[in-house]
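Please keep the sequence and the structure in view while reading.

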Amino acid sequence: MPEPPDARCRRGPKSQELQARRTATVAGGVGSVLPVFTARAGGGIIEDVDGNRLIDFGSGIAVTSVGASAEAVVRRASAQLADFTHTCFMVTPYEGYVEVCEALAELTPGDHAKKSALFNSGAEAVENAVKVARSYTGRQAVVVFDHGYHGRTNLTMALTAKNMPYKHGFGPFAPEVYRVPVAYGYRWPTGAENAGAEASAQAIDMIRKQVGAENVAAIIIEPVLGEGGFIEPAKGFLPAIADFARDNGIVFVADEIQSGFCRTGQWFACEDEGVVPDLITTAKGIAGGLPLAAVTGRAEIMDAVHSGGLGGTYGGNPVACAGALGAIETMKELDLNGRARRIEEVMKGRLATMQEKYPVIGDIRGRGAMVAIELVKDPASKEPNPEAAGALAKACHAEGLLVLTCGTYGNVLRFLPPLVIGEDLLNEGLDILEQAFAGI
Ligand SMILES: *Cc1c(COP(=O)(O)O)cnc(C)c1O
(Lines give C-alpha, C1' and ligand atoms only; values in the text may rest on other atoms or scores of the structure.)
Protein backbone atom coordinates (compact mmCIF):
# COMPACT_ATOMS: atom_id res chain seq x y z
CA MET A 1 0.00 0.00 0.00
CA PRO A 2 0.90 3.69 -0.14
CA GLU A 3 3.91 5.11 1.62
CA PRO A 4 3.59 6.84 4.97
CA PRO A 5 2.30 10.40 4.89
CA ASP A 6 4.79 13.09 4.14
CA ALA A 7 2.43 15.98 3.56
CA ARG A 8 0.68 17.51 6.54
CA CYS A 9 -2.91 16.43 6.59
CA ARG A 10 -4.70 19.69 6.02
CA ARG A 11 -8.11 20.02 4.54
CA GLY A 12 -7.53 20.56 0.84
CA PRO A 13 -9.72 22.34 -1.69
CA LYS A 14 -11.64 19.22 -2.78
CA SER A 15 -12.51 18.30 0.81
CA GLN A 16 -13.58 21.87 1.48
CA GLU A 17 -15.90 21.84 -1.50
CA LEU A 18 -17.38 18.47 -0.45
CA GLN A 19 -17.76 19.70 3.11
CA ALA A 20 -19.86 22.63 1.88
CA ARG A 21 -22.13 20.26 -0.08
CA ARG A 22 -22.31 17.98 2.95
CA THR A 23 -23.32 20.79 5.28
CA ALA A 24 -26.13 21.73 2.90
CA THR A 25 -27.67 18.26 2.65
CA VAL A 26 -26.45 15.89 5.38
CA ALA A 27 -28.28 16.08 8.70
CA GLY A 28 -26.35 18.02 11.32
CA GLY A 29 -26.85 15.26 13.90
CA VAL A 30 -24.45 13.04 11.95
CA GLY A 31 -20.94 14.07 12.97
CA SER A 32 -17.47 13.27 11.58
CA VAL A 33 -14.16 13.18 13.40
CA LEU A 34 -12.37 14.83 10.47
CA PRO A 35 -13.78 16.91 7.61
CA VAL A 36 -11.48 15.27 5.02
CA PHE A 37 -13.19 13.11 2.44
CA THR A 38 -11.83 9.66 1.67
CA ALA A 39 -10.64 8.65 -1.77
CA ARG A 40 -9.15 5.25 -0.91
CA ALA A 41 -7.97 3.33 2.13
CA GLY A 42 -6.08 0.18 3.02
CA GLY A 43 -3.08 -1.21 4.87
CA GLY A 44 -3.35 1.42 7.61
CA ILE A 45 -3.48 4.47 5.32
CA ILE A 46 -6.45 6.66 4.46
CA GLU A 47 -5.88 8.83 1.40
CA ASP A 48 -8.15 11.82 0.97
CA VAL A 49 -9.54 13.41 -2.20
CA ASP A 50 -6.73 15.99 -2.18
CA GLY A 51 -4.02 13.33 -2.00
CA ASN A 52 -3.24 13.79 1.71
CA ARG A 53 -2.47 10.61 3.62
CA LEU A 54 -3.44 9.77 7.17
CA ILE A 55 -2.11 6.93 9.28
CA ASP A 56 -5.21 5.08 10.45
CA PHE A 57 -5.41 4.30 14.18
CA GLY A 58 -9.20 4.05 14.01
CA SER A 59 -10.13 1.31 11.49
CA GLY A 60 -13.51 2.97 11.00
CA ILE A 61 -14.17 2.32 14.72
CA ALA A 62 -12.69 -1.18 14.99
CA VAL A 63 -14.26 -2.41 11.75
CA THR A 64 -11.52 -2.80 9.14
CA SER A 65 -9.29 -5.09 11.20
CA VAL A 66 -8.20 -6.87 8.01
CA GLY A 67 -7.64 -3.52 6.28
CA ALA A 68 -10.11 -1.35 4.39
CA SER A 69 -9.54 -3.07 1.05
CA ALA A 70 -8.44 -6.58 2.02
CA GLU A 71 -7.82 -8.78 -1.03
CA ALA A 72 -9.96 -11.72 0.13
CA VAL A 73 -12.87 -9.46 1.13
CA VAL A 74 -12.82 -7.64 -2.21
CA ARG A 75 -12.44 -10.86 -4.19
CA ARG A 76 -15.23 -12.76 -2.48
CA ALA A 77 -17.64 -9.83 -2.24
CA SER A 78 -17.06 -8.90 -5.91
CA ALA A 79 -17.74 -12.46 -7.05
CA GLN A 80 -20.93 -12.52 -4.99
CA LEU A 81 -22.03 -9.15 -6.40
CA ALA A 82 -21.80 -10.54 -9.90
CA ASP A 83 -23.92 -13.60 -8.99
CA PHE A 84 -26.72 -11.88 -7.06
CA THR A 85 -27.00 -8.96 -4.64
CA HIS A 86 -30.01 -10.06 -2.61
CA THR A 87 -32.82 -12.52 -2.42
CA CYS A 88 -33.68 -12.12 1.27
CA PHE A 89 -32.65 -15.16 3.29
CA MET A 90 -36.24 -15.41 4.57
CA VAL A 91 -37.47 -15.83 0.98
CA THR A 92 -34.88 -18.04 -0.75
CA PRO A 93 -31.77 -18.85 1.29
CA TYR A 94 -28.15 -19.06 0.07
CA GLU A 95 -24.99 -20.87 1.15
CA GLY A 96 -22.97 -17.84 2.32
CA TYR A 97 -25.30 -17.21 5.26
CA VAL A 98 -24.98 -20.84 6.39
CA GLU A 99 -21.19 -20.73 5.97
CA VAL A 100 -20.96 -17.63 8.19
CA CYS A 101 -23.07 -19.37 10.87
CA GLU A 102 -20.79 -22.42 10.62
CA ALA A 103 -17.73 -20.20 11.06
CA LEU A 104 -19.32 -18.47 14.08
CA ALA A 105 -20.08 -21.85 15.66
CA GLU A 106 -16.47 -22.89 15.16
CA LEU A 107 -14.79 -19.67 16.31
CA THR A 108 -16.87 -18.55 19.30
CA PRO A 109 -16.01 -19.89 22.79
CA GLY A 110 -17.40 -23.21 24.04
CA ASP A 111 -17.82 -26.59 22.36
CA HIS A 112 -21.59 -26.86 22.89
CA ALA A 113 -24.04 -26.93 19.95
CA LYS A 114 -24.46 -23.36 18.63
CA LYS A 115 -26.75 -21.54 16.27
CA SER A 116 -26.68 -18.02 14.83
CA ALA A 117 -28.94 -15.41 13.28
CA LEU A 118 -27.51 -12.63 11.10
CA PHE A 119 -28.38 -8.94 11.05
CA ASN A 120 -27.08 -5.62 9.67
CA SER A 121 -25.75 -3.65 12.62
CA GLY A 122 -24.44 -4.11 16.12
CA ALA A 123 -27.48 -2.48 17.71
CA GLU A 124 -29.75 -4.85 15.81
CA ALA A 125 -27.75 -7.84 17.08
CA VAL A 126 -28.05 -6.63 20.69
CA GLU A 127 -31.80 -6.06 20.30
CA ASN A 128 -32.17 -9.57 18.96
CA ALA A 129 -30.11 -11.07 21.76
CA VAL A 130 -32.62 -9.50 24.17
CA LYS A 131 -35.54 -10.91 22.17
CA VAL A 132 -33.99 -14.38 22.26
CA ALA A 133 -33.22 -14.20 25.99
CA ARG A 134 -36.73 -13.01 26.86
CA SER A 135 -38.31 -15.67 24.70
CA TYR A 136 -36.14 -18.42 26.25
CA THR A 137 -36.55 -17.36 29.90
CA GLY A 138 -40.07 -15.95 29.84
CA ARG A 139 -38.61 -13.03 31.87
CA GLN A 140 -38.32 -9.33 31.06
CA ALA A 141 -35.54 -7.57 32.97
CA VAL A 142 -32.18 -6.82 31.33
CA VAL A 143 -29.11 -5.93 33.38
CA VAL A 144 -26.31 -3.78 31.96
CA PHE A 145 -23.28 -1.99 33.41
CA ASP A 146 -21.88 1.45 34.15
CA HIS A 147 -19.92 2.81 31.16
CA GLY A 148 -21.55 0.25 28.82
CA TYR A 149 -22.34 1.00 25.18
CA HIS A 150 -24.72 -1.10 23.11
CA GLY A 151 -26.04 1.12 20.30
CA ARG A 152 -28.35 3.92 19.23
CA THR A 153 -31.79 2.32 18.69
CA ASN A 154 -34.43 2.80 21.36
CA LEU A 155 -33.73 -0.37 23.33
CA THR A 156 -29.96 -0.12 22.90
CA MET A 157 -29.99 3.56 23.96
CA ALA A 158 -31.64 2.37 27.15
CA LEU A 159 -28.86 -0.21 27.53
CA THR A 160 -26.16 2.42 26.91
CA ALA A 161 -24.83 4.32 29.93
CA LYS A 162 -23.71 7.67 28.57
CA ASN A 163 -26.22 10.47 28.04
CA MET A 164 -24.32 12.84 25.73
CA PRO A 165 -24.33 12.38 22.78
CA TYR A 166 -26.11 9.03 22.63
CA LYS A 167 -29.34 9.56 24.59
CA HIS A 168 -29.78 13.27 25.21
CA GLY A 169 -33.28 14.40 24.22
CA PHE A 170 -34.23 11.01 22.73
CA GLY A 171 -36.31 9.53 25.56
CA PRO A 172 -38.49 7.93 26.73
CA PHE A 173 -36.40 4.80 26.74
CA ALA A 174 -37.37 1.14 26.81
CA PRO A 175 -38.35 -0.13 30.27
CA GLU A 176 -37.03 -3.06 32.33
CA VAL A 177 -33.37 -2.08 31.95
CA TYR A 178 -31.23 -2.00 35.12
CA ARG A 179 -27.66 -0.70 35.44
CA VAL A 180 -25.11 -2.01 37.94
CA PRO A 181 -21.43 -1.24 38.69
CA VAL A 182 -18.52 -2.59 36.65
CA ALA A 183 -14.99 -3.30 37.94
CA TYR A 184 -13.24 -0.19 36.56
CA GLY A 185 -9.88 -0.90 38.14
CA TYR A 186 -8.24 2.49 37.57
CA ARG A 187 -11.08 4.35 39.31
CA TRP A 188 -12.17 1.75 41.87
CA PRO A 189 -12.14 3.49 45.28
CA THR A 190 -10.31 0.72 47.16
CA GLY A 191 -7.83 0.01 44.34
CA ALA A 192 -7.68 -2.09 41.20
CA GLU A 193 -6.72 -5.24 43.11
CA ASN A 194 -10.07 -5.21 44.95
CA ALA A 195 -12.22 -4.10 42.04
CA GLY A 196 -13.08 -7.55 40.63
CA ALA A 197 -14.39 -9.02 43.87
CA GLU A 198 -16.03 -5.87 45.24
CA ALA A 199 -17.72 -4.71 42.05
CA SER A 200 -19.13 -8.17 41.28
CA ALA A 201 -20.48 -8.46 44.85
CA GLN A 202 -22.10 -5.02 44.56
CA ALA A 203 -23.57 -5.76 41.14
CA ILE A 204 -25.01 -9.10 42.28
CA ASP A 205 -26.40 -7.54 45.46
CA MET A 206 -28.12 -4.81 43.44
CA ILE A 207 -29.61 -7.35 41.04
CA ARG A 208 -30.93 -9.45 43.93
CA LYS A 209 -32.36 -6.53 45.91
CA GLN A 210 -33.55 -4.14 43.21
CA VAL A 211 -34.59 -6.46 40.39
CA GLY A 212 -34.85 -10.02 41.68
CA ALA A 213 -32.64 -12.60 39.97
CA GLU A 214 -35.73 -14.59 38.98
CA ASN A 215 -36.97 -11.62 36.90
CA VAL A 216 -33.78 -11.22 34.86
CA ALA A 217 -33.79 -12.49 31.28
CA ALA A 218 -30.27 -11.36 30.35
CA ILE A 219 -27.10 -9.80 31.68
CA ILE A 220 -25.26 -8.01 28.86
CA ILE A 221 -21.63 -6.93 29.12
CA GLU A 222 -18.76 -5.95 26.85
CA PRO A 223 -15.76 -8.11 27.90
CA VAL A 224 -13.65 -5.02 27.19
CA LEU A 225 -15.84 -1.91 27.33
CA GLY A 226 -15.43 0.08 24.10
CA GLU A 227 -17.01 3.54 23.97
CA GLY A 228 -16.92 3.65 27.77
CA GLY A 229 -13.12 3.96 27.66
CA PHE A 230 -11.52 0.59 26.87
CA ILE A 231 -12.16 -0.57 30.40
CA GLU A 232 -11.06 -4.14 31.02
CA PRO A 233 -13.19 -5.35 33.92
CA ALA A 234 -10.74 -6.26 36.71
CA LYS A 235 -9.82 -9.95 36.95
CA GLY A 236 -12.50 -12.10 38.51
CA PHE A 237 -15.37 -9.79 37.62
CA LEU A 238 -16.56 -11.46 34.40
CA PRO A 239 -16.38 -15.04 35.75
CA ALA A 240 -18.28 -14.00 38.91
CA ILE A 241 -21.07 -12.39 36.88
CA ALA A 242 -21.19 -15.33 34.44
CA ASP A 243 -21.42 -17.81 37.35
CA PHE A 244 -24.21 -15.78 38.95
CA ALA A 245 -26.11 -15.78 35.65
CA ARG A 246 -25.73 -19.53 35.22
CA ASP A 247 -26.83 -20.26 38.81
CA ASN A 248 -29.96 -18.16 38.35
CA GLY A 249 -31.12 -19.21 34.89
CA ILE A 250 -30.12 -15.85 33.40
CA VAL A 251 -28.82 -15.67 29.82
CA PHE A 252 -25.26 -14.27 29.92
CA VAL A 253 -24.63 -12.17 26.80
CA ALA A 254 -21.12 -11.04 25.79
CA ASP A 255 -21.33 -8.00 23.54
CA GLU A 256 -18.16 -8.55 21.50
CA ILE A 257 -19.13 -6.13 18.77
CA GLN A 258 -16.00 -4.02 19.31
CA SER A 259 -13.71 -6.50 21.09
CA GLY A 260 -14.32 -9.55 18.88
CA PHE A 261 -12.65 -11.05 15.82
CA CYS A 262 -8.95 -10.89 16.78
CA ARG A 263 -9.08 -7.28 18.00
CA THR A 264 -7.77 -8.15 21.47
CA GLY A 265 -5.33 -10.82 20.29
CA GLN A 266 -7.88 -13.60 20.77
CA TRP A 267 -10.86 -14.48 18.61
CA PHE A 268 -13.06 -13.13 21.41
CA ALA A 269 -12.06 -11.11 24.48
CA CYS A 270 -14.09 -13.24 26.91
CA GLU A 271 -11.67 -16.12 26.24
CA ASP A 272 -9.09 -14.28 28.33
CA GLU A 273 -10.68 -15.50 31.57
CA GLY A 274 -12.19 -18.65 30.09
CA VAL A 275 -15.73 -17.24 30.17
CA VAL A 276 -18.16 -19.05 27.86
CA PRO A 277 -21.16 -16.79 27.17
CA ASP A 278 -24.64 -18.18 26.46
CA LEU A 279 -25.04 -15.66 23.65
CA ILE A 280 -22.44 -13.53 21.91
CA THR A 281 -23.13 -10.51 19.71
CA THR A 282 -20.71 -9.64 16.91
CA ALA A 283 -20.52 -6.97 14.20
CA LYS A 284 -17.81 -4.36 13.42
CA GLY A 285 -14.71 -6.49 12.62
CA ILE A 286 -16.70 -9.43 11.26
CA ALA A 287 -16.87 -8.56 7.56
CA GLY A 288 -13.96 -6.29 6.60
CA GLY A 289 -16.19 -3.20 6.43
CA LEU A 290 -19.38 -4.63 4.98
CA PRO A 291 -22.46 -4.30 7.19
CA LEU A 292 -23.06 -7.57 9.01
CA ALA A 293 -23.86 -8.56 12.59
CA ALA A 294 -24.71 -11.78 14.38
CA VAL A 295 -26.15 -13.31 17.50
CA THR A 296 -24.56 -16.69 18.22
CA GLY A 297 -25.39 -18.92 21.13
CA ARG A 298 -26.45 -22.16 22.72
CA ALA A 299 -28.70 -23.99 20.27
CA GLU A 300 -31.46 -24.53 22.82
CA ILE A 301 -31.57 -20.82 23.67
CA MET A 302 -31.45 -19.62 20.07
CA ASP A 303 -34.14 -22.13 19.09
CA ALA A 304 -36.53 -20.96 21.82
CA VAL A 305 -37.91 -18.36 19.41
CA HIS A 306 -40.89 -19.36 17.23
CA SER A 307 -40.30 -19.67 13.48
CA GLY A 308 -40.48 -16.25 11.82
CA GLY A 309 -39.76 -14.47 15.12
CA LEU A 310 -36.25 -13.40 14.05
CA GLY A 311 -35.07 -11.87 10.80
CA GLY A 312 -35.15 -8.73 8.69
CA THR A 313 -35.13 -7.87 5.00
CA TYR A 314 -31.37 -7.45 4.64
CA GLY A 315 -30.04 -9.46 7.56
CA GLY A 316 -27.13 -11.62 6.41
CA ASN A 317 -26.96 -9.99 2.98
CA PRO A 318 -25.07 -12.29 0.58
CA VAL A 319 -22.38 -9.71 -0.29
CA ALA A 320 -21.78 -8.99 3.41
CA CYS A 321 -21.58 -12.74 4.12
CA ALA A 322 -19.02 -13.15 1.33
CA GLY A 323 -17.06 -10.26 2.87
CA ALA A 324 -17.17 -11.97 6.27
CA LEU A 325 -15.84 -15.22 4.82
CA GLY A 326 -13.02 -13.21 3.19
CA ALA A 327 -12.26 -11.41 6.45
CA ILE A 328 -12.18 -14.66 8.45
CA GLU A 329 -9.94 -16.27 5.81
CA THR A 330 -7.57 -13.28 6.16
CA MET A 331 -7.57 -13.47 9.96
CA LYS A 332 -6.59 -17.13 9.85
CA GLU A 333 -4.07 -16.86 7.03
CA LEU A 334 -2.21 -13.86 8.44
CA ASP A 335 -2.58 -14.94 12.09
CA LEU A 336 -4.14 -11.62 13.02
CA ASN A 337 -4.41 -12.68 16.66
CA GLY A 338 -0.61 -12.84 16.72
CA ARG A 339 -0.40 -9.50 14.92
CA ALA A 340 -2.75 -7.91 17.47
CA ARG A 341 -0.58 -9.14 20.33
CA ARG A 342 2.52 -7.75 18.64
CA ILE A 343 0.77 -4.37 18.18
CA GLU A 344 -0.01 -4.38 21.92
CA GLU A 345 3.63 -5.04 22.74
CA VAL A 346 4.91 -2.21 20.53
CA MET A 347 2.24 0.27 21.61
CA LYS A 348 2.38 -0.38 25.33
CA GLY A 349 6.17 -0.20 25.32
CA ARG A 350 6.18 3.17 23.62
CA LEU A 351 3.25 4.50 25.66
CA ALA A 352 4.99 3.53 28.91
CA THR A 353 8.00 5.61 27.84
CA MET A 354 5.70 8.54 27.08
CA GLN A 355 3.99 8.16 30.46
CA GLU A 356 7.32 8.60 32.27
CA LYS A 357 7.70 11.95 30.56
CA TYR A 358 4.08 13.08 30.51
CA PRO A 359 2.16 12.47 33.76
CA VAL A 360 -1.04 13.53 31.98
CA ILE A 361 -1.19 9.82 31.00
CA GLY A 362 -2.95 8.37 34.05
CA ASP A 363 -3.52 4.87 32.74
CA ILE A 364 -2.44 2.69 29.81
CA ARG A 365 -4.75 -0.22 29.18
CA GLY A 366 -6.45 -2.53 26.74
CA ARG A 367 -5.48 -5.72 24.99
CA GLY A 368 -4.15 -6.54 21.56
CA ALA A 369 -4.83 -3.75 19.08
CA MET A 370 -7.49 -2.27 21.39
CA VAL A 371 -5.27 0.03 23.45
CA ALA A 372 -6.09 3.31 25.16
CA ILE A 373 -4.62 5.96 27.41
CA GLU A 374 -6.71 7.73 30.04
CA LEU A 375 -5.70 11.37 30.49
CA VAL A 376 -5.86 13.09 33.87
CA LYS A 377 -5.11 16.55 35.27
CA ASP A 378 -2.96 15.03 37.99
CA PRO A 379 -2.03 11.38 38.52
CA ALA A 380 -2.85 11.58 42.23
CA SER A 381 -6.36 13.06 41.98
CA LYS A 382 -7.10 11.25 38.67
CA GLU A 383 -9.33 14.16 37.73
CA PRO A 384 -10.40 13.50 34.12
CA ASN A 385 -8.70 15.67 31.49
CA PRO A 386 -10.93 15.74 28.40
CA GLU A 387 -9.21 18.97 27.25
CA ALA A 388 -5.90 17.11 26.90
CA ALA A 389 -7.62 14.30 24.97
CA GLY A 390 -9.15 16.84 22.59
CA ALA A 391 -5.91 18.78 22.15
CA LEU A 392 -3.87 15.62 21.52
CA ALA A 393 -6.38 14.27 19.00
CA LYS A 394 -6.33 17.60 17.18
CA ALA A 395 -2.53 17.76 17.13
CA CYS A 396 -2.34 14.18 15.83
CA HIS A 397 -4.88 14.91 13.10
CA ALA A 398 -2.91 17.99 12.01
CA GLU A 399 0.23 15.86 11.67
CA GLY A 400 -1.45 13.04 9.76
CA LEU A 401 -2.47 10.51 12.42
CA LEU A 402 -6.11 9.59 12.84
CA VAL A 403 -6.93 8.81 16.49
CA LEU A 404 -10.31 8.59 18.23
CA THR A 405 -11.41 9.65 21.68
CA CYS A 406 -13.84 7.83 23.97
CA GLY A 407 -14.69 7.34 27.63
CA THR A 408 -17.53 8.40 29.89
CA TYR A 409 -15.53 11.53 30.77
CA GLY A 410 -14.29 12.07 27.19
CA ASN A 411 -10.70 11.80 28.45
CA VAL A 412 -9.55 8.62 26.73
CA LEU A 413 -7.56 8.39 23.50
CA ARG A 414 -8.11 5.03 21.88
CA PHE A 415 -5.94 3.28 19.33
CA LEU A 416 -7.52 0.77 16.97
CA PRO A 417 -5.14 0.31 14.05
CA PRO A 418 -6.00 -2.28 11.44
CA LEU A 419 -4.33 -5.53 12.50
CA VAL A 420 -2.50 -5.66 9.17
CA ILE A 421 -0.68 -2.36 9.76
CA GLY A 422 3.07 -2.59 9.17
CA GLU A 423 5.35 -2.07 12.14
CA ASP A 424 7.08 0.92 10.53
CA LEU A 425 3.78 2.67 10.03
CA LEU A 426 2.69 1.80 13.56
CA ASN A 427 5.86 3.36 14.94
CA GLU A 428 5.48 6.36 12.70
CA GLY A 429 2.00 6.92 14.12
CA LEU A 430 3.37 6.63 17.64
CA ASP A 431 6.11 9.17 16.76
CA ILE A 432 3.37 11.64 15.81
CA LEU A 433 1.57 10.96 19.09
CA GLU A 434 4.78 11.50 21.04
CA GLN A 435 5.38 14.83 19.31
CA ALA A 436 1.80 15.83 20.07
CA PHE A 437 2.46 15.42 23.81
CA ALA A 438 5.36 17.83 23.54
CA GLY A 439 3.03 20.41 22.02
CA ILE A 440 0.16 20.45 24.52
C1 LIG B 1 -20.48 -0.20 18.02
C2 LIG B 1 -21.07 -1.02 19.09
C3 LIG B 1 -22.44 -1.36 19.08
C4 LIG B 1 -23.40 -0.84 18.05
O5 LIG B 1 -23.06 -1.26 16.77
P6 LIG B 1 -23.69 -0.51 15.49
O7 LIG B 1 -23.26 -1.34 14.34
O8 LIG B 1 -23.14 0.88 15.49
O9 LIG B 1 -25.17 -0.52 15.69
C10 LIG B 1 -22.90 -2.18 20.09
N11 LIG B 1 -22.08 -2.66 21.06
C12 LIG B 1 -20.78 -2.35 21.08
C13 LIG B 1 -19.92 -2.93 22.14
C14 LIG B 1 -20.22 -1.51 20.12
O15 LIG B 1 -18.94 -1.18 20.16
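On one side of helix α1, the residues P13, K14, E17, R21, A24 and T25 are exposed, where exposed means over 50% relative accessible area, buried under 20% and partly exposed in between, with a 1.4 Å probe and protein chains only. This is a predicted model, in which local features need pLDDT of at least 70 and side-chain atom pairs count only at pLDDT 80 or more, while totals for chains, interfaces and linings use all residues. Residues are numbered from 1 along each chain as its sequence is written, and side-chain values use heavy atoms, with hydrogens and water left out.

Helices (H or I, at least four residues) and strands (E, at least two) are DSSP runs, numbered from the N terminus. In α1, S15, Q19 and R22 are buried. They cover an arc of only 60° around the axis, so they lie on the same side of α1; the arc is that of the directions from the helix axis to the C-beta atoms. Part of what covers the buried residues of α1 is β2 (45–48). The helix has 13 residues, 13–25, and at 1.5 Å a residue it should span 18 Å, which agrees with the 19 Å between its end C-alpha atoms; the expected span is 1.5 Å times one less than the number of residues.

On a 1 Å grid over the protein atoms alone, a cavity is a set of points where a 1.4 Å probe fits but cannot get out, whereas a pocket is an open set with protein on both sides within 12 Å along at least five of seven lines, and lining residues have an atom within 4 Å of a point.

The second largest pocket holds about 540 Å³ of space, a volume being the space filled by probe spheres set on the grid points, which are joined across faces, edges and corners. It is lined by 24 residues, of which F89, Y97, S116, A117 and L310 are the closest to its centre. The elements giving two or more residues to this lining are α4 (95–107) and β4 (114–119), and β4 provides the largest share, six residues.

Searching the whole structure gives two cavities of 30 Å³ or more. The largest cavity, with about 40 Å³ of space, is lined by T108, P109, H112, K114, P277, D278, I280, T296 and G297. The second largest cavity has a volume of about 30 Å³, and its lining includes A41, G42, G43, G44 and P418.

How values were computed:
Contact = heavy atoms within 4.5 Å.
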